[in-house]
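Subject: Model handover

Hello,

Here is the structure for your files. My notes on the fold come after it.

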Amino acid sequence: CRVVRGRDWQVRYGNQDGGKGNVGTVYKVQPRETFNVQIRWPNGNKNGYRYHPPGTKDVELEENEVVEAAAALAVLSLVGATGGSDSPRSPRSRACSIM
């Protein structure tokens, strides 16, 4: 799952992501109660951030990720395919399916 800075990006995070516009990858999601996510940024930094939709979002899904997910769901509904996030048809990670 790819993410960018969200509307609630904290000043204390500075440029952990390498700067606005960089796209990170979710590699771990904390239990559903907290929805804290661990992100790996292109500059090699790994950090944890808050993701509590519809409330606090330090990070948000990258725009292309949202478009790709919507397109994939549309195709699956047209062909009547089923399968979870672990299906070989789906390139999305389990972490992304939770978000």
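Below are the conventions, the sheet and the confidence.

This is a predicted model, in which local features need pLDDT of at least 70 and side-chain atom pairs count only at pLDDT 80 or more, while totals for chains, interfaces and linings use all residues. Residues are numbered from 1 along each chain as its sequence is written, and side-chain values use heavy atoms, with hydrogens and water left out.

The sheet

Five strands make up an open sheet with the order β4-β3-β2-β1-β5, and the pairing is antiparallel. Its edge strands, each pairing on one side only, are β4 (46-50) and β5 (59-61). On average, neighbouring strands here are turned by 45° against each other, direction ignored. As for terms, strands (E, at least two residues) and helices (H or I, at least four) are DSSP runs numbered from the N terminus. Two strands pair if DSSP finds at least two bridges between them. Axes are lines fitted to C-alpha atoms, for helices over the stretch in contact, and angles run from 0 to 180 degrees between N-to-C directions.

Strand by strand

Strand β1 (residues 2-5) is joined to β5 by three bridges and runs antiparallel to it. Among these, V3 has L61 as its bridge partner, and V4 has E60. Two bridges link β1 to β2 (residues 24-29), again antiparallel. There, R2 stands opposite T25, and V3 has G24 as its bridge partner in β2. The next pair, β2 and β3 (residues 36-40), is antiparallel over four bridges. T25, which stands opposite R2, has R40 as its bridge partner in β3.

Confidence

The protein chain has a mean pLDDT (the predictor's confidence in each residue, from 0 to 100) of 76, and 62% of its residues reach 70 or more. Confidence is highest in β4, at 93, and lowest in helix α2 (residues 94-98), at a mean of 57. Over residues 81-91 the pLDDT is below 50, and this stretch has 10 contacts (heavy atoms within 4.5 Å) in the model beyond near neighbours in sequence. Where pLDDT is low, the predicted coordinates should not be read in detail.

Regards
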